[in-house]
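Colleague: I am new to this one. Please take me through a single part of it, slowly enough that I can follow along on screen.

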Amino acid sequence: MEEIKNLFTRDNITLIIALIGCLGTIITGINNYFANRQNLYFRILGHLVPTGAAIILYIMFENKSRLPVSITGISVIYNGVPYRCQEVPVKVYETTTRRNRTEILSHHEYFSMSIPISLPGLGGTSGYAYFEAPEEIFQPDTTHLTFRVSTNRGKVIEKILPLGPLLD
């Protein structure tokens, strides 16, 4: 009994409380690192091949981090040469206009995404990206392309992705 009483001294209790606090700080730091690290997911939902040396991709971006991220550049890599997407929105797709004599019933124009693309924490977006490059890159039999996505958080993501179905 006396030995147990000697164990519960003021110094030993202070040491135990300090160790518990240190362990809690380490666990919180590790948890914050994994919750807030950059975790950007993207994939190609479909593509259009207009006339000329270009391709239009319908891309989905998903920010799986709790912190916001901005996409500052999207490139297609071919033989080590990056071809950037248009940063200023351009008209990429237009539906046929339906009319009722003089009245327009339906008409839609779709524009490419403007760069930078801002994604809130745990948010996402999708849209068209327009790439101009030599014709040998965007052959009709091309099924995969290498993409490089740059962000404001310093990480460059490079992936080989399938182009997805041809959109009409």
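Modeller: Start with Lys 64 and Tyr 41. The charged end of Lys 64 sits over the ring of Tyr 41, at 4.8 Å from the ring centre. Keep in mind that this is a predicted model.

Now look at Phe 42. Phe 42 is buried, because its relative accessible area is 3% and buried means under 20%.

Phe 42 also has an aromatic partner. A search of the whole structure gives five aromatic pairs. One of them joins Phe 42 and Phe 61, and this pair is tilted. The centres are 6.0 Å apart, with 40 degrees between the planes. Why does this pair tie together separate parts of the sequence? Phe 42 belongs to strand β1 and Phe 61 to strand β2, so the pair ties together parts 19 residues apart in sequence. Phe 61 is buried as well, at a relative accessible area of 2%.

Tyr 58, Tyr 110 and Tyr 128 are linked by ring pairs into a cluster.

Next, the strands themselves. Three of them form an open sheet, in the order β1-β2-β10. Their pairing is antiparallel. The edges are β1, residues 40–48, and β10, residues 124–132. Each edge strand pairs on one side only. From one strand to the next, the twist averages 25 degrees.

Take β2 and β10 together. Strand β2 covers residues 54–63. It pairs with β10 in the antiparallel sense, over nine bridges. To find your place there, look for Ile 59: it stands opposite Gly 127 in β10.

Finish back on strand β1, at His 47. Is His 47 buried or exposed? His 47 counts as buried, at 11% relative accessibility. A polar atom of its side chain lies 3.5 Å from the backbone oxygen of Leu 163.

To recap, follow β1 on screen. Phe 42 in β1 pairs with Phe 61 in β2.

Key
Residues are numbered from 1 along each chain as its sequence is written. This is a predicted model: local features need pLDDT of at least 70, side-chain atom pairs count only at pLDDT 80 or more; totals for chains, interfaces and linings use all residues. Side-chain values use heavy atoms; hydrogens and water are left out. Two strands pair if DSSP finds at least two bridges between them. Helices (H or I, at least four residues) and strands (E, at least two) are DSSP runs, numbered from the N terminus. Axes are lines fitted to C-alpha atoms, for helices over the stretch in contact, and angles run from 0 to 180 degrees between N-to-C directions. Rings of Phe, Tyr and Trp (its six-membered ring) pair if their centres lie within 6.5 Å; planes under 30 degrees apart count as stacked, over 60 as edge-to-face and the rest as tilted. Buried means under 20% relative accessible area, exposed over 50%, partly exposed in between (1.4 Å probe, protein chains only). A charge sits over a ring if NZ of Lys or CZ of Arg is within 6 Å of the ring centre and within 35 degrees of the ring normal. A polar contact is a pair of N or O atoms within 3.5 Å; within protein, one must be able to donate a hydrogen and the other to accept it, and residues adjacent in sequence count only if both atoms are side-chain atoms.
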